[in-house]
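Here is a short briefing on one protein model. Look over the sequence and the structure first, then read on.

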Amino acid sequence: MTDHTLNIDGMTCASCVARVEKALRKVPGVQAASVNLATEQAQVSAEAGTDAQLLLAAIQRAGYEASVVQPDADVLAAPVRRAHDEGWKVALAAALSIPLMVPMLGDLLGRHWMWPAWVQALLAAPVQFWLGARFYKAGWSALKAGAGNMDLLVAIGTTAAFGLSLALWWQASSGSAGQMPHLYFESAAVVITLVMLGKWLESRAKRQTLAALESLRRLRPETARVRRHGVEAEVPLSAVRVGSELVVRPGERLPTDGVIIEGRSHLDESLITGESLPVAREVGQTVTGGALNVEGLIVVRTTAVGAETQLARIVRLVESAQAQKAPIQQLVDKVSAVFVPAVIVIAVITGLAWWVLAGDGVAATLHAVSVLVIACPCALGLATPATLMVGTGMAARHGILVRDAQALETLRAVRIVAFDKTGTLTQGRPRLTALASLSGTPEGDAQLLHWAAALQSGNGHPLARAVIEAARAAASPGVSAAPTAVVQGLQRVAGRGVEGRVDGRLLRLGSQRWLSECGLDAGSLAAQAAQAAASGQTVSWMFEPGNGGQPTPRLLGLLTFGDEPKPGAAQAMATLRAKGLRVVMISGDNAGAANAMARLLGIDEVRAEVLPGDKARVVGELKASLLPGEAVAMVGDGVNDAPALAAADVGLAIAGEGGGTDVAVETAGLTLLRGDPQTVVEAWELSWAVRRKLHQNLFWAFAYNVVGIPLAAMGWLSPMVAGAAMALSSVSVVTNALMLRRWRPSRAA
């Protein structure tokens with residue numbers, strides 16, 4: 001399968017969206033096509049080898065222009081704006097239309113002013129046939145494609161008003177006597193002007209929905225200060241390569257991702273992770289391109305450039321999420337597919353009814369025109385995508401990356417939130433708190449640490465890092481420590497531990513479960529292990545499994561590890577429970593450590609000693625306990641929790657420093673750039689805010705038509721009032737979506 005992204009020019013309403021999707025799906029090899037009116041883009045999934053030119057040709061036959069977005073394009077570069085700012089055309093149309101409205105103002109003052117018919121025609125004709133030519137062109141393209149759109153409705157309605165005026169003028173001119181009747185040139189001109197004004201305001205408002213994305217793009221500087229052989233030189237960012245040493249002074253933004261090799265500072269990462277306070281960074285720590293260096297001078301060795309940087313991946317995720325459709329949009333698409341034909345039928349029925357029942361052909365024509373003009377599918381097409389664009393942008397600004405738009409919508413239905421423990425609710429940086437060899441001697445303890453460090457060499461697990469750090473500390477001057485040994489046949493056993501041959505002995509370091517499976521018990525170390533577990537510490541056991549020269553299994557000692565809860569974890573759990581959500585901890589740790597941490601955080605339900613492969617099963621059990629329509633969310637670090645993240649209705653991956661960012665992006669619908677569990681609360685609150693806006697916008701989009709069309713058919717709306725209402729509908733929907741930019745998390749309110 002190959003994915004194509006296409007820019008589409010010329011769409012005006014939801015009917016256009018339906019027509020483009022229909023045209024794309026007819027192309028051989030296309031499996032799926034989704035078109036977004038707000039972003040003016042199409043996402044197409046096709047069989048490998050499908051020529052993109054076939055897709056472009058299909059869109060052109062449907063009456064639109066299109067271009068292919070290159071997959072290797074620089075997502076952080078400012079997008080090329082297609083020159084469509086028709087403000088001057090709106091101003092010119094208004095200048096020609098306003099004089100036509102002067103007689104209406106005179107009527108309000110009791111004066112009967114009227115321009116000569118030729119003056120009215122001279123003012124209205126340029127608006128109708130020059131400035132309004134786009135409506136004829138787009139409407140004709142729709143007719144050729146066997147469909148209809150907003151442009152067709154406007155073209156038919158205004159042409160009817162203009163033609164009626166010509167007919168009345170000719171009738172009065174050829175008659176023997178009588179006063180010139182009221183003409184309706186102003187209705188045609190003003191309707192076109194109002195529709196153009198509405199589309200212009202709408203396009204300006206739509207650009208504001210991309211504000212969050214543009215602010216992310218602006219984080220990347222255009223140049224970098226590279227240090228080569230002790231000499232600094234400012235070069236274009238495109239010249240920076242992986243391994244380059246970059247000098248970043250206070251007040252400057254980091255050009256790329258990297259690792260600090262000199263200096264220390266505080267970095268403002270608020271626009272990337274949503275973290276409000278500057279974060280301390282020093283030698284050896286990773287940093288993200290786009291972060292602001294607040295105080296000290298630092299030197300960074302580049303680890304990623306261009307499209308591989310975290311900032312570029314964030315922008316790609318936000319763009320992808322904004323291009324998606326919410327599930328509720330499917331209802332709108334079905335309505336839009338029959339909307340324009342239905343409106344034309346209603347307009348014809350209205351005209352015939354007034355003509356037959358009232359015997360007034362002029363009134364029949366005007367009321368039919370009002371029906372055509374007020375029926376605008378623009379608002380229907382913009383209601384959900386505009387809201388999602390603003391919502392995903394706001395999420396990104398608060399450190400929440402939306403990979404799947406449906407996940408953001410589904411999150412509001414969550415009733416159970418399951419959390420992994422290590423790295424999610426805890427700091428993920430445990431330290432070795434104690435070790436005890438079975439011999440109980442200092443030499444035996446040193447030997448135990450020596451073996452453990454060998455088995456954990458090269459392992460990125462938090463407990464492994466704690467062992468390595470303890471071994472390094474023990475090797476400090478004045479402290480005796482065995483040198484690190486070479487390990488042979490090293491292998492990791494998921495959910496149990498590591499095994500390898502050290503100094504000719506086959507050793508295992510792992511969980512209580514693994515110890516029991518080998519037929520061993522804690523023996524004299526049982527009391528110490530129980531005390532450590534009861535206090536929330538993790539216990540690992542060192543033992544020989546009983547082969548390779550050792551006929552029977554033998555316990556060698558234990559190591560205990562302590563990890564602190566994250567500062568905001570307890571408050572986050574309390575907030576979720578206060579909102580009526582059920583909070584569950586799923587951990588591979590022993591029951592004592594898991595329950596102790598749960599008591600500390602205020603979590604009532606714990607599933608302990610769960611293997612990574614079994615976490616998905618536990619998530620399935622939680623889903624089975626819910627009512628239809630309710631959902632389960634899983635929060636994990638995105639590495640060993642990947643199956644559970646995928647199994648949950650909504651997966652939220654903590655992608656903090658050292659976390660599994662790549663796996664999180666691939667498996668979770670939402671990625672939380674901050675390690676703070678409070679971000680889960682923020683995501684849940686934002687989901688509700690987005691849902692409310694979706695419902696509001698869809699209500700107003702349908703309400704304009706449900707109320708407006710009957711009023712126009714009954715003759716209570718003139719064509720000009722109908723045109724104003726139609727223009728207002730799409731503008732109000734986008735403006736209401738923009739109100740979502742005022743959303744703030746409850747703790748920041």
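Which residues does Ser244 touch, not counting residues up to four places away in sequence? They are Val300, Arg301 and Thr302, where contact means heavy atoms within 4.5 Å. This is a predicted model, in which local features need pLDDT of at least 70 and side-chain atom pairs count only at pLDDT 80 or more, while totals for chains, interfaces and linings use all residues. Residues are numbered from 1 along each chain as its sequence is written, and side-chain values use heavy atoms, with hydrogens and water left out.

**Ser244**

- Ser244 sits in the loop between β6 and β7. Helices (H or I, at least four residues) and strands (E, at least two) are DSSP runs, numbered from the N terminus.
- Ser244 is buried, at 13% relative accessible area. Buried means under 20%, exposed over 50%, and partly exposed in between (1.4 Å probe, protein chains only).
- A polar atom of the Ser244 side chain lies 2.8 Å from the backbone oxygen of Arg241.

**Salt bridges**

- Side chains of opposite charge can pair when their charged atoms come close.
- A salt bridge is a side-chain nitrogen of Lys or Arg within 4 Å of a carboxyl oxygen of Asp or Glu. The model has 23 salt bridges by this rule.
- Asp151 and Arg134 form one of them, at 3.6 Å from N to O. This pair links distant parts of the chain: Asp151 is in helix α7 (residues 150-174) and Arg134 is in helix α6 (residues 133-144), 17 residues apart.
- Arg134 is partly exposed, at 26%.
- Arg249 and Glu232 also pair, with their closest N and O atoms 3.4 Å apart. Here too, distant parts of the chain are linked: Arg249 lies in the loop between β7 (245-248) and β8 (257-262), and Glu232 in strand β6 (residues 231-236), 17 residues apart.
- Arg249 is partly exposed, at 37% relative accessible area. Glu232 is partly exposed too, at 40%.
- Glu605 and Arg607 meet in a salt bridge at 3.4 Å, N to O. Arg607 is partly exposed, with a relative accessible area of 25%.
- A network of salt bridges links Arg582, Glu605, Arg607, Arg617 and Glu621.

**Helix α2**

- In helix α2 (residues 52-61), the buried residues are Ala52, Leu55, Leu56, Ala58 and Ile59. Seen down the axis of α2, they fall within an arc of 160°, so they line one face of the helix. The arc is that of the directions from the helix axis to the C-beta atoms.
- An α-helix has 3.6 residues a turn, so residues three or four places apart point the same way.
- The cover over the buried residues of α2 includes β1 (2-9), α1 (14-25), β2 (30-36), β3 (41-46) and β4 (65-69).
- Asp51 caps the N-terminal end of α2, with a side-chain oxygen 3.0 Å from the backbone nitrogen of Gln53.
- Gly63 follows α2 and has a positive phi, near 105°.

**Helix α17**

- Helix α17 (residues 462-474) has 13 residues, which at 1.5 Å a residue should span 18 Å. Its end C-alpha atoms are 19 Å apart, which agrees. The expected span is 1.5 Å times one less than the number of residues.
- Buried in α17 are Pro462, Leu463, Ala464, Ala466, Val467, Ala470, Ala471 and Ala474.
- Covering the buried residues of α17 are, among others, β16 (431-437), α16 (442-455), β20 (538-544) and β21 (554-562).

Methods
A polar contact is a pair of N or O atoms within 3.5 Å; within protein, one must be able to donate a hydrogen and the other to accept it, and residues adjacent in sequence count only if both atoms are side-chain atoms.
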